[in-house]
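Dear colleague,

Please find the structure below, handed over for your use.

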Amino acid sequence: MDNAIKDLTSLFEEARSTNEFEFILTLINFKGMASIEDTLHEWFDAIEMYKRLYTEFNGKEKTRIACLLYSTFFENSDFYNILGSLCNITMGYRGSSYFFWKTRKQDRLLGTGEKINFVVEILNDCGKQHIIQFFNDNHHATIRNTFFHAAYSLNEDAYNLHDSEPIIIEGWVDIILT
């Protein structure tokens with residue numbers, strides 16, 4: 001994780017030194033003069049609230065809040081927009097608050113895995129292998145999908161998946177498939 005943070009810090013520094021104006025526009029999530037939308041601040045507020053709730057609960061309730069926190073962290077498009085835009089800036093291009101063009105694909109918004117795949121490509125172009133490794137090590141679509149689609153059950157210390165593939169983390173099947 002320390003190496004991912006170093007890569008992230010260097011990405012911010014490189015983007016700022018390449019084009020400070022584009023860097024600032026990316027950080028403020030500028031979408032135009034008339035825009036009042038700000039999902040990014042809502043995302044930060046929600047994560048902080050979920051973290052507080054996580055510390056208040058135990059057992060199954062703590063697991064549910066952890067899944068909500070985990071899923072919320074990986075869901076926000078602006079998170080990927082910022083990473084992609086910072087990469088673009090370091091490579092001499094402009095940033096964009098619409099990195100994924102916010103379009104629909106087959107009548108649905110892009111999924112988290114699709115957004116991660118897009119941003120991983122550009123992170124690779126920028127040589128940010130530790131951030132890529134962070135996604136490889138920590139993003140498991142099955143956790144998000146089973147939680148958001150209520151395809152799980154909890155008993156004691158087990159998160160049981162239903163109608164899903166098992167999740168293998170660091171070589172271990174950590175979550176039970178039923």
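Is E14 buried, exposed or partly exposed? E14 is partly exposed, with a relative accessible area of 32%; here buried means under 20% relative accessible area, exposed over 50%, and partly exposed in between, using a 1.4 Å probe and protein chains only.

This is a predicted model, in which local features need pLDDT of at least 70 and side-chain atom pairs count only at pLDDT 80 or more, while totals for chains, interfaces and linings use all residues. Residues are numbered from 1 along each chain as its sequence is written, and side-chain values use heavy atoms, leaving out hydrogens and water.

Salt bridges

By the rule applied (a side-chain nitrogen of Lys or Arg within 4 Å of a carboxyl oxygen of Asp or Glu), there are five salt bridges. One of them joins E14 to K128, with N and O 3.0 Å apart. K128 lies in the loop between α6 and α7 and E14 in helix α1, so this pair ties together parts that are 114 residues apart in sequence. Helices are DSSP runs of H or I with at least four residues, strands are runs of E with at least two, and both are numbered from the N terminus. K128 is buried, at 5% relative accessibility.

Another salt bridge links R94 and E22, whose closest N and O atoms are 2.9 Å apart. R94 is in the loop between α5 and α6 and E22 is in helix α2 (residues 20–27), so parts 72 residues apart in sequence are tied together. R94 is exposed at 61%, whereas E22 is buried at 6%.

Not counting residues up to four places away in sequence, F135 touches F74, F79, Y80, L83, I116, V119, V120 and L123, a contact being heavy atoms within 4.5 Å.

Cysteines

A search of the whole structure finds zero disulfides, a disulfide being a pair of cysteine sulfur atoms within 2.5 Å. C87 is buried at 0% relative accessibility, and C126 is buried at 15%.

With kind regards
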